[in-house]
Amino acid sequence: MRRHPPLAKGRGAAYNPPNRFEPLHVELPSEELAPYFEPPEFARQVSVQVYRDRSQEVLSENRSPDVGFRYSLNPYRGCEHGCIYCYARPTHEYWGFSSGLDFETRIVVKLDAPELLARAFRSASWRPQPVVLAPNTDAYQPLERRLGLTRRCLEVFLAFRNPVAIITKNALILRDVDLLQELARLELVTVTISLTTLDPELRRHLEPRTSTAARRLEAIARLRERGVPVGVNIAPVIPGLTDHEIPRLLQEAAQHGAQWAGYGLLRLPYAVKELFEDWLARTYPDRSDRVLGRIRAVREGKLNTSAFGYRMVGSGPYATFIGRLFVVFARRYGLDRPPPQLCTTRFRRVPEQEDLFEVLKGSDSPRWA
């Protein structure tokens with residue numbers, strides 16, 4: 001029987017599951033053996049450790065047929081938000097860390113992301129096209145408040161006039177509304193705010209360090225007021241736990257100014273399955289069996305399926321019901337439309353000797369090619 005240490009305050013995961021790439025891992029002793037061991041130290045407050053990523057490229061190329069973009073940018077690996085369901089958790093294992101607490105507390109940072117982004121845009125091989133900002137780990141997670149990497153990357157997008165599509169669940173995005181407004185004026189930006197639940201207690205357990213639903217809805221309203229194209233992503237929809245909220249989530253998003261909506265079903269790859277099951281048993285033991293049963297109903301009897309075409313929306317009658325529910329209410333609230341097309345014809349290559357801040361102040365002069 002697995003024994004877990006005391007819960008870490010304000011964290012989604014309760015422990016570190018084994019890294020699938022590592023041959024050795026450490027577990028707490030079973031209940032039978034526990035009296036023979038000294039209890040391990042485990043702080044109620046688990047501090048964040050920051051590591052530097054010295055990658056020489058910052059844009060990732062996507063080849064998945066069911067993701068609608070080619071290039072993405074993630075300034076951070078790992079995420080302080082601590083969402084227990086996050087499909088990006090297993091990527092932390094590439095660094096020798098765990099999908100559990102490590103993912104939330106050991107954050108790998110690309111400190112030179114803005115410079116690498118500018119270098120990529122200066123390359124003769126770059127063809128102007130939208131780049132998705134932070135589809136993997138949130139670019140506006142709490143660490144961004146101190147480091148400001150995302151803001152500096154937005155300055156690069158604006159200087160080069162390259163379009164960017166942002167996905168976030170943090171109201172910190174409002175800090176950068178000045179840059180977003182200028183990008184919007186040039187048809188260079190869309191923002192999608194992720195919403196999961198309107199239940200404050202559920203959100204606190206499910207996504208402990210994210211902005212509240214109220215603050216995310218406020219962010220939608222303020223971005224719309226400033227002319228920034230903004231939509232909503234109802235994700236992840238958790239069968240048996242949050243799917244009943246789809247109509248109200250869409251209604252609230254529309255009333256706050258959202259212009260389009262999408263959704264995605266819960267995905268539980270690799271160790272996320274174990275983490276989610278543990279979280280569900282600890283947090284909502286009375287609902288655990290029902291929720292897991294509903295997840296299996298949309299995942300061919302399993303907790304996860306990775307087949308292209310189905311991994312985002314599931315399969316089977318219950319998945320069809322969720323999809324239809326979304327379509328009906330998205331249409332009712334006027335959210336059944338795609339995001340606006342972003343402009344690529346304004347792109348300009350800023351020479352390396354030019355100061356980006358001077359470029360941002362100034363002109364649309366033809367000295368850039």
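Helix α9 (residues 272-283) and helix α10 (residues 288-298) pack with their axes 9 Å apart, at an angle of about 150°. Axes here are lines fitted to C-alpha atoms, for helices over the stretch in contact, and angles run from 0 to 180 degrees between N-to-C directions. The angle makes α9 roughly antiparallel to α10. Angles over 145 degrees count as roughly antiparallel, under 35 as roughly parallel, 65 to 115 as roughly perpendicular, and the rest as oblique. On α9 the contact is made by F276, E277, L280 and A281; on α10 it is made by S288, V291, L292, I295 and R296. Contact means heavy atoms within 4.5 Å. These residues divide into 6 nonpolar, 1 polar and 2 charged. Ala, Val, Leu, Ile, Met, Phe, Trp, Tyr, Cys and Pro count as nonpolar, Asp, Glu, Lys and Arg as charged, and the others, Gly among them, as polar.

This is a predicted model: local features need pLDDT of at least 70, side-chain atom pairs count only at pLDDT 80 or more, and totals for chains, interfaces and linings use all residues. Residues are numbered from 1 along each chain as its sequence is written, and side-chain values use heavy atoms, with hydrogens and water left out.

**The chain as a whole**

The protein chain has 12 helices and 10 strands. Helices (H or I, at least four residues) and strands (E, at least two) are DSSP runs, numbered from the N terminus. Of the 369 residues, 53% are buried. Buried means under 20% relative accessible area, exposed over 50%, partly exposed in between (1.4 Å probe, protein chains only). Among contacts with a separation of 6 or more, 80% come from residues 24 or more positions apart.

The axes of α4 (residues 149-160) and α5 (residues 177-185) come within 10 Å and cross at roughly 20°. The two helices are therefore roughly parallel to each other. R151, L154, E155, F157 and L158 of α4 meet D178, L179, L180, E182 and L183 of α5. By class, this contact has 6 nonpolar, no polar and 4 charged residues.

**Helix α8**

In α8 (residues 246-255), the residues I246, P247, L249, L250, E252 and A253 are buried. They pack against β8 (189-195), α7, β9 (230-237), β10 (261-265) and α11 (317-332). G257 follows α8 and has a positive phi, near 110°.

**Buried loop residues**

| Residue | Loop | Relative accessibility |
|---|---|---|
| A88 | between β4 (76-77) and α1 (101-105) | 0% |
| R161 | between α4 and β7 (164-168) | 6% |
| S211 | between α6 (200-206) and α7 (213-225) | 4% |

Leaving aside neighbours within four places in sequence, A88 is in contact with F103, N136 and T137. A88 and R267 are 179 residues apart in sequence, and 9.9 Å apart in space, C-alpha to C-alpha.

S211 touches K169, N170, A171, R203 and R216, not counting residues up to four places away in sequence. A polar atom of the S211 side chain lies 2.8 Å from the backbone nitrogen of A171.

**Backbone features**

Most residues other than glycine have a negative phi, and most peptide bonds are trans. R161 is not a glycine, yet its phi is positive, about 60°. Y270, also not a glycine, has a positive phi of about 50°. Y270 lies in the loop between β10 and α9. A cis peptide bond joins A235 and P236, with omega about -10°. P236 is found in strand β9.

Conventions: A polar contact is a pair of N or O atoms within 3.5 Å; within protein, one must be able to donate a hydrogen and the other to accept it, and residues adjacent in sequence count only if both atoms are side-chain atoms.
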